[in-house]
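Visitor: Hi! I'm new here and would like a friendly tour. Could you show me what we'll be talking about?

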Amino acid sequence: MSTGTTKLDVVVSDVVPVNDLVTRFHFRRRDGELLPTFSGGAHVVVEMRDGGRTRLNPYSLMGSPLDTSEYTISVRRDDVGRGGSLFMHRNVRPGLEMVISYPVNLFSLDLRAKKHLMLAGGIGITPFMAQTAQLAAEGGNFELHYTCRTASLGTYADVLRERYDRRIRLYHDDREERIELDRLLSTQPLGTHLYVCGPAGMINWVRDRAAALGWPPETVHFEHFAAPQPGLPFDVTLAVSGKTIRVDEQQSLLEAIEAAGVDPPYLCRGGVCGQCETNVISHDGKFIHNDHWLSEEDHRSGCKIMPCVSRFEGKSLVLER
Amino acid sequence: MAAKSIISRPVYGTLSPQPGKHHLFVADAEGALAISDMAAGAPAGFFSDAHVIFIPGHDGKHVATLEALKPAQFYQGHTFASALPRLKQTLANAHMGLRVYLSGTEGLIGQAMQAALEAGIDHTSIQTEHRGSLARRMQCVHCKGITENVTTQPATCAHCGLLLLVRDHYSRRIAAFQGVCINAEDRSEIPPIEEAFP
């Protein structure tokens, strides 16, 4: 139904509660074949048919890339979010037939690195599950620092410690344990690459300190799936397809465009990949840019918008689509 | 600055101070002037974390210029080969936060970059500035021998003696331009030899 990526017909083969907030889902192909190969850090977009509404959420693949008999994702329940994770937790049961996208990797390992330094916060651990499995299989040098709120919410912390022992360092917020970031970054051997996945605040902190301490931008990789933020409803005219549509409070612009039958490209649905970039033909009002893709200049120009996460407030907005 | 012709042909920039904890400079001859020009715009105390490896030209000039910057460490080598162990040792002991700046001839920049790449630094994060001679380091694609300081077009391979067309095709891995036999059909055919890389 979309030009995002090719789709896979899968069946939910298992649903496993991991802790109070996180549940793991296993998918197998309906035709029994192997799933496509992927690399550590890849995600799939899961289509959720929720009554008349289709939600599309990206989730990192957390299984080993060496095993393509199934895909596994872990979903953290967000009770105040837009409902995708709640749908997964409440409605998805073993045996359910679902559609997911082919894997896309916007957070891949740079295999030229001499060492991989990984920093995870909360559910940001999921891409590292696959990356550590990939690196461990080929004897790669890595070290993972994982911060979580409490030990019981340290999703897969026990699994990781069991698998990789001292290559995993844990930090618990409730014990006031904190990564000594400057010391950690300053003592890494030349040729180390840094990977960070977690809340926006953590990513910004790590990127800022790494830049200040002389880490070239090419060596700093990050992944942040910004869920689309709700906001005031607004109307949009799509010039090429000749449609005028309304974007609801809880709906993203991209979702509204899709609901209107237009098929825009997308990959991450989180404001980082650039795939859904759209030209603005005219506007009277103000943009609420939530993406990490466009430059500040692009944001100021009012000529471009990333409809997956960004919104608009004002009288009129005409997009090329 | 060298014009871009084919995609592998290196393109150089202008040195500029980067954020970092330590700064490693490798330069030869007039490359020293790229460092002193950069120093004019560098923050105060920038060179107190700097290590300079310098190979002066035959005239021995610019040593005083660099010493005047008061880098934390200053090393003067006779040839790149004699400076290479020190460069490799420095890179091997370095941590993330070291920034690399290369200036001078293409041969110096290419070979120092080769050492930096082996140490795990991405070529895009290395600052380079070309100064001085355009002389090229050339690999003969036939015998694989490297000839240093090639200034003519075509040029004779110092190893197998073939007359080679010096191409813009550059190998970052071996830090050399490729030289291909220009008269393979008829060795008696000798095209005019011009000073192309003074």
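Visitor: What volume does the second largest pocket have?

Guide: The second largest pocket has a volume of about 680 Å³. A pocket here is an open set of points on a 1 Å grid over the protein atoms alone, with protein on both sides within 12 Å along at least five of seven lines; a cavity is a set of points where a 1.4 Å probe fits but cannot get out; and lining residues have an atom within 4 Å of a point. Grid points are joined across faces, edges and corners, and a volume is the space filled by probe spheres set on the points.

Visitor: Before we go on, what ground rules apply here?

Guide: This is a predicted model, where local features need pLDDT of at least 70, side-chain atom pairs count only at pLDDT 80 or more, and totals for chains, interfaces and linings use all residues. Residues are numbered from 1 along each chain as its sequence is written, chains are lettered from A and ligands numbered from 1 in the order in which they are written, and side-chain values use heavy atoms, with hydrogens and water left out.

Visitor: Thanks! Back to that pocket: how many residues line it, and which lie nearest its centre?

Guide: The lining of the second largest pocket has 26 residues, and B:Asp28, B:Ile55, B:Pro56, B:Thr105 and B:Asn149 lie nearest the centre. α4 (106-118) of chain B is one of the elements that supply at least two lining residues, and α4(B) gives the most, with three. Helices (H or I, at least four residues) and strands (E, at least two) are DSSP runs, numbered from the N terminus.

Visitor: And how many cavities of 30 Å³ or more are there?

Guide: There are two cavities of 30 Å³ or more. The largest cavity holds about 70 Å³ of space, and residues from chain A and chain B line it, including A:Leu190, A:Pro216, B:Met96 and B:Asp122.

Visitor: New topic: which domains does UniProt list for chain B?

Guide: The unreviewed UniProt entry lists "Dimethylamine monooxygenase subunit DmmA-like N-terminal" for residues 5-126 of chain B. UniProt positions are given in the numbering used here, feature names are shortened, and annotations may be inferred rather than shown by experiment.

Visitor: What's the strand order in chain B's five-stranded open sheet?

Guide: The order is β7-β6-β11-β10-β9, with mixed pairing. Strands pair if DSSP finds at least two bridges between them. The edges are β7 and β9 (155-156) of chain B, each pairing on one side only. β6(B) and β11 (residues 176-181) of chain B run parallel, joined by three bridges, and B:Met138 has B:Phe177 as its bridge partner in β11(B).

Visitor: What else does B:Phe177 do with its ring?

Guide: B:Phe177 forms an edge-to-face aromatic pair with B:Tyr170, at 4.9 Å centre to centre and 65° between the planes. Rings of Phe, Tyr and Trp (its six-membered ring) pair if their centres lie within 6.5 Å; planes under 30 degrees apart count as stacked, over 60 as edge-to-face and the rest as tilted. B:Arg136 also lies over the face of B:Phe177, 4.0 Å from the ring centre. For that, NZ of Lys or CZ of Arg must be within 6 Å of the ring centre and within 35 degrees of the ring normal.

Visitor: Are B:Tyr170 and B:Phe177 buried or exposed?

Guide: Both B:Tyr170 and B:Phe177 are buried. Buried means under 20% relative accessible area, exposed over 50%, and partly exposed in between (1.4 Å probe, protein chains only).

Visitor: Over in chain A, why is strand β6 described as largely enclosed?

Guide: Four of the five residues of β6 (residues 97-101) of chain A are buried, so the strand is largely enclosed by the rest of the structure. β1 (residues 7-17) of chain A runs antiparallel to β6(A), with five bridges. β3(A) is also antiparallel to β6(A), with two bridges, and A:Val46 stands opposite A:Ile100.

Visitor: Last one: where is there a cis peptide bond?

Guide: A cis peptide bond joins B:Gln153 and B:Pro154, with omega about -10°. B:Pro154 sits in the loop between β8 (152-153) and β9 of chain B.
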